[in-house]
Amino acid sequence: MAAASVKKTTKNAKSKRKTNLLKLYSAMNKLILDAVDKEIVKRCKILIDTAEEDITKTLLDKILKNNDALDMSLVDEAFVPYVKHYIFMLKRGKRA
């Protein structure tokens, strides 16, 4: 019986798909240029997998499209360094 309850918990954890965070991860993954970027994106993915909630679609749009006017207080504290690195990678790509 205990195995059935463990299975049920695992299914519930998998059903919570963090679509917006995974879109951010995908966008970051496309901008990787070196080993440092790769490591940061890998750690971001680990954090996404352990996060309990997704970010909102509105916040994702602000991060991806209008990041110059982004208020970092809207971003969950755990994701702030990754969002800042994403913005850095975007700006670096524009310079090159």
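Here is a short walk through the charged side chains of this model, with a stop at one asparagine. The model is predicted, so local features need pLDDT of at least 70 and side-chain atom pairs count only at pLDDT 80 or more, while totals for chains, interfaces and linings use all residues. Residues are numbered from 1 along each chain as its sequence is written, and side-chain values use heavy atoms, with hydrogens and water left out.

Let's begin with the salt bridges. Side chains of opposite charge can pair when their charged atoms come close. Here a salt bridge is a side-chain nitrogen of Lys or Arg within 4 Å of a carboxyl oxygen of Asp or Glu, and the count comes to five. One of them joins Arg92 to Asp37, at 2.4 Å from N to O. Arg92 sits in helix α5 and Asp37 in helix α3, so this pair ties together parts that are 55 residues apart in sequence. (Helices are DSSP runs of H or I with at least four residues, numbered from the N terminus.) Arg92 is buried, with 16% relative accessibility, and Asp37 is buried too, at 1%. Buried means under 20% relative accessible area, exposed over 50%, and partly exposed in between, using a 1.4 Å probe and protein chains only.

Now look along helix α3 itself. Glu39 and Arg43 meet in a salt bridge at 3.0 Å, N to O; being four residues apart in α3, they are separated by about one helical turn. Glu39 is partly exposed at 30%, and so is Arg43 at 48%. Together with Lys42, these two residues are linked in a network of salt bridges. Lys45 and Asp49 form another bridge, at 2.9 Å from N to O, and they too lie four residues apart in α3, about one helical turn. Lys45 is partly exposed at 25%, as is Asp49 at 48%.

Glu53 gathers with Glu52, Asp76 and Glu77 in a surface patch of negative charge. Such a patch is made of residues with over 30% relative accessible area and no salt bridge, with like charges joined within 9 Å.

Our last stop is Asn67, in the loop between α4 and α5 (80-95). Is Asn67 buried or exposed? At 13% relative accessibility, Asn67 counts as buried. Leaving aside neighbours within four places in sequence, Asn67 is in contact (heavy atoms within 4.5 Å) with Lys62, Tyr86, Ile87 and Leu90.

Technical notes: Patches are made of residues with over 30% relative accessible area and no salt bridge: like charges are joined within 9 Å, nonpolar side chains (Val, Leu, Ile, Met, Phe, Trp, Tyr) within 5 Å. Accessible areas come from the Shrake-Rupley method with a 1.4 Å probe; for residues, only the protein chains shown count as cover. Lys and Arg count as positive and Asp and Glu as negative; His and the chain ends are not counted. The place of a charge is taken as NZ of Lys, CZ of Arg, CG of Asp or CD of Glu. Helices (H or I, at least four residues) and strands (E, at least two) are DSSP runs, numbered from the N terminus.
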